[in-house]
Amino acid sequence: MNGKEFFRLSGLRKKLFIYYFCVIAMMGMTSYYSYYNAKFILDKTNTIFMDYIQLNQLYEGINALESNLETFLATQSSEALLNYYNANNRLRAITDGRPPSSLQDANNLMFADIYKMTENLIKETDAAVIAKRGRNIEEYLAHFSNSQKISGYIDMYINDLLYNKLATGSKQYETTALRMNFILGINAVILIASLLLNMLLALYLTYRITKPLVRLAQAAKSIAQEDYNIAAVSVGTNDEIAVLTQAFNQMVDSIRNHIAKLIQQKKTEERLREQEIQNLTMKNLLKEAELKALQAQINPHFFFNTLNHAAQLAMIEGADASSTFIQKAAELFRYSLKGLDQPVTLADEISNVQSYSYILKARFSDRVDVYFNVNELLLDTMMPGLIIQPVVENALIHGIEGLDRKGLIYLNVQYSAQNILIDVIDNGRGMNEQKKAEILAIRLDPEKARGYHTTGLGLRNVVERLMLFYNVSDASEVMEIYSQEGAGTRVVLKLPWKGEHDDVPIVGS
Amino acid sequence: MKTVKQANQDNGVFRPKVRGWLLAALLLLTIINMALLYAKQRENHVPVTPTQFHFYMILQNSVDPFWQDVRRGAQDAAKALNVAIEFRAPQINNSVEEQKYIDIATLSRVDGIMTPAVNNPDFIKLINQATAQGIPVITLENDAKDSQRQAFIGSNSFMLGAAAGKLLNDAVHGKAQVAVIMSSELEKDALTQNMIINGFSSTLKDEPGIKVVKIYKPKIKILNTEEITLAALRQEGINAVFCLDAITTASVAQSIVDFNKVGKITVIGYGITSEIENYIDKEVIYGSVVGNPYVIGYNSVKSMLEIKQNHTTSSVTDSGLQIVDKANLKQYELLNPGNKP
């Protein structure tokens with residue numbers, strides 16, 4: 001810390017300095033007042049006593065002078081003369097030592113008289129001594145009596161002066177004593193007042209200076225206990241503590257902001273991670289699906305290509321029937337490979353059923369006949385794929401197979417006001433009521449809807465897909481089954497004119 | 001930021017209100033201290049103006065209001081002219097003591113002596129001794145004509161007596177048997193008193209109805225004035241009294257009240273005291289001839305200063321006199337409040 005810095009009175013330092021200055025000034029004033037009073041009283045007493053001392057010296061000196069003179073006059077001894085001169089010198093020293101003083105005061109005037117008379121006394125005694133030594137008896141007696149007279153006057157004056165001094169002194173003492181009591185009272189009052197004021201000042205200033213610190217400390221404690229939700233500390237002063245407080249408040253703000261930012265970041269990160277996990281799961285699922293799809297599709301494709309190749313081979317060899325047969329089988333396969341989710345036209349469906357029936361014809365020759373009766377207006381109607389063929393297949397497998405008589409299957413496509421009606425009628429064994437109810441009781445079950453093979457699809461699958469496609473909840477809305485055991489079965493597929501899908505064209509209007 | 005702003009408004013150590021109180025308290029303490037110290041210092045500090053001269057004034061006695069007034073006048077003059085005066089007075093009239101004081105003053109080599117004088121050789125010798133040592137002497141009220149005194153200041157005794165005679169004549173309308181009671185300092189200032197009686201008598205010379213029957217000369221003042229008064233009152237036909245000093249005047253008036261002779265005897269007094277003022281107010285005393293003691297005192301200092309500075313002054317100064325009776329009593333009291341107790 002250099003000198004300049006030392007003398008710079010900044011905030012807190014100034015406060016403390018002013019406080020100490022106040023206290024010191026107050027106590028100093030009080031002490032000075034007391035000191036002055038004491039000195040005043042001492043001075044007064046001193047002057048009184050100084051005068052007494054001086055008067056006493058004078059008195060003694062004059063007495064010594066007189067008695068020595070008398071001794072000398074009586075004995076004429078040189079020793080007495082020496083004593084006389086000693087006394088004389090002492091007295092002169094006293095009278096010479098008197099400083100010139102103001103003459104206004106009556107006592108001072110008397111003092112002046114006494115000194116002058118003493119000088120005259122010394123003159124007279126000296127004259128008496130000289131006369132005595134000159135043996136001039138008359139003259140020395142005259143001077144001696146003069147000196148006696150003068151010393152008598154001086155005695156009187158000294159007595160008067162002492163009396164006056166005593167009188168004025170005692171009067172002065174009375175007033176001084178009164179004043180002393182008053183002064184002491186005032187002293188006490190001032191002392192107590194300044195003490196009280198000092199104490200108040202100390203209390204107040206301590207509180208004033210430490211309050212902001214205490215507040216700051218409390219705030220800091222809160223921060224230390226990780227409670228960042230504190231109000232900004234206000235100290236109401238303008239010193240280093242205020243600067244500290246401001247810095248502290250800024251720090252708290254920064255910490256709070258920082259924490260908020262951290263929390264935000266963490267949230268974002270979590271979200272990102274979740275998303276990543278989701279993405280990963282989805283990718284996995286996708287891969288799995290792709291794998292499944294590959295597993296499912298490799299064989300049919302290979303098989304389909306093989307069939308195509310077989311058909312070409314048969315054509316090259318000239319076996320037209322075989323070629324057509326294989327061709328049809330290939331078409332049947334290809335259709336089933338298209339996937340179930342793509343809507344197809346009714347014409348595609350019909351053609352698929354025709355391919356299937358060709359194969360049936362080849363397999364079962366004259367044991368089964370399939371008849372088509374299709375309203376050509378409806379051929380462009382869009383519908384889910386592989387719907388009619390399974391129904392025909394179902395009629396063949398469950399109705400015609402094992403039948404003694406010739407099996408007949410009719411496929412009629414007509415329309416009513418609400419629906420396109422696709423009838424698949426067979427003359428097979430028919431189905432019992434229980435089986436019929438089972439099929440019609442189908443509810444949509446998304447879990448079970450998965451995983452059906454594209455070939456060999458049962459009625460159940462057909463119903464579910466129709467319900468999905470047309471967004472209906474009741475199986476009877478898309479399918480009706482009329483059956484009589486031993487007589488045959490009629491399955492009616494009811495395709496509503498207008499489904500959820502806008503791409504289903506409105507036909508026939 | 002808000003807190004910082006608030007802090008900026010409060011710059012000092014204390015809040016403004018507290019600051020005000022503190023300042024006031026501090027100021028009050030300081031002022032009280034200063035005032036007390038100042039008062040103390042003033043009291044301690046007697047203004048010292050070195051004086052040029054040390055004069056010595058002897059008064060005839062320390063009780064007579066006349067001489068108190070002389071003292072007052074001298075004190076005032078001393079203050080005005082910046083000289084110092086030392087006063088000495090015997091308890092009661094005592095010319096021997098006066099002589100002793102003159103001796104002391106001479107031995108003390110004062111710058112000037114003012115004293116009432118007695119025209120006797122001892123007194124004259126002392127005055128001459130002082131003047132021989134270069135100490136000027138001024139006589140007051142009573143002169144020592146034969147001495148070497150530089151000046152006399154006082155009322156003209158003959159004129160005083162004449163004024164008293166005139167006052168008596170006014171009171172009794174040309175018909176009276178008068179007794180004169182002289183002052184006790186007869187042996188000291190017989191000359192002065194005789195001059196007064198001369199003045200008194202010569203005024204009444206032309207009045208055939210007024211006769212000075214008897215002149216009483218008391219031996220000791222106060223103690224036998226009552227006796228003298230009684231004698232005077234017993235004297236057949238006396239209906240007027242002229243007293244030659246203030247104490248006798250008051251004493252005679254008291255006796256007249258005591259013997260129930262108020263209105264039957266006319267009293268002409270000399271000098272003034274609050275007692276005499278009272279008797280004049282009650283018409284026990286018809287009137288009193290009053291010198292100007294204050295003027296005597298004042299002028300003596302002035303004259304002494306003239307002597308010291310110019311070595312000359314008029315050798316006789318008539319300080320004048322006045323008559324105080326019922327008519328102008330109030331006015332006199334107003335102008336001379338010093339007599340009030």
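At roughly what angle do the axes of helix α7 and helix α8 of chain A cross? This is a predicted model, and the tour starts with that pair.

Select residues 320–337 of chain A for helix α7 and residues 346–364 of chain A for helix α8. Their axes come within 9 Å and cross at roughly 140°. Angles over 145 degrees would count as roughly antiparallel, so α7(A) and α8(A) are oblique to each other. The crossing of the two helices is left-handed.

Now show the side chains where the helices meet. On α7(A), pick A:Phe325, A:Lys328, A:Ala329, A:Glu331, A:Leu332 and A:Tyr335. They meet A:Asn352, A:Ser355, A:Tyr356, A:Tyr358, A:Ile359 and A:Ala362 on α8(A). Sorted by class, this contact has eight nonpolar, two polar and two charged residues.

Next, turn to the nonpolar cores. In soluble globular proteins, nonpolar side chains tend to be buried together. The largest core here has 115 residues. Select B:Phe55, B:Ile181, B:Val241, B:Val267 and B:Val301, the residues with the most contacts inside this core. Its largest share, nine residues, comes from helix α4 of chain A, residues 106–133.

Go back to B:Ile181. Beyond its neighbours within four places in sequence, B:Ile181 is in contact with residues including B:Tyr216, B:Pro218, B:Ile228, B:Val241 and B:Val252.

Finally, show the whole of chain B. It contains 12 helices and 12 strands. Of its 341 residues, 47% are buried.

Key. Residues numbered from 1 in each chain as written. Chains lettered and ligands numbered in written order. Predicted model: local features only at pLDDT ≥ 70, side-chain atom pairs only at ≥ 80, totals over all residues. Axes fitted to C-alpha atoms, helices over the stretch in contact; angles between N-to-C directions. Helix = DSSP H or I, 4+ residues; strand = E, 2+ residues; numbered from the N terminus. Parallel < 35°, antiparallel > 145°, perpendicular 65-115°, else oblique. Left-handed = near helix turned anticlockwise from the far one by under 90°. Contact = placed C-beta atoms within 7 Å. Nonpolar A, V, L, I, M, F, W, Y, C, P; charged D, E, K, R; others polar. Core = buried A, V, L, I, M, F, W, Y, C linked by C-beta atoms within 7 Å. Buried ≥ 20, exposed ≤ 12 C-beta atoms within 10 Å, placed from the backbone.
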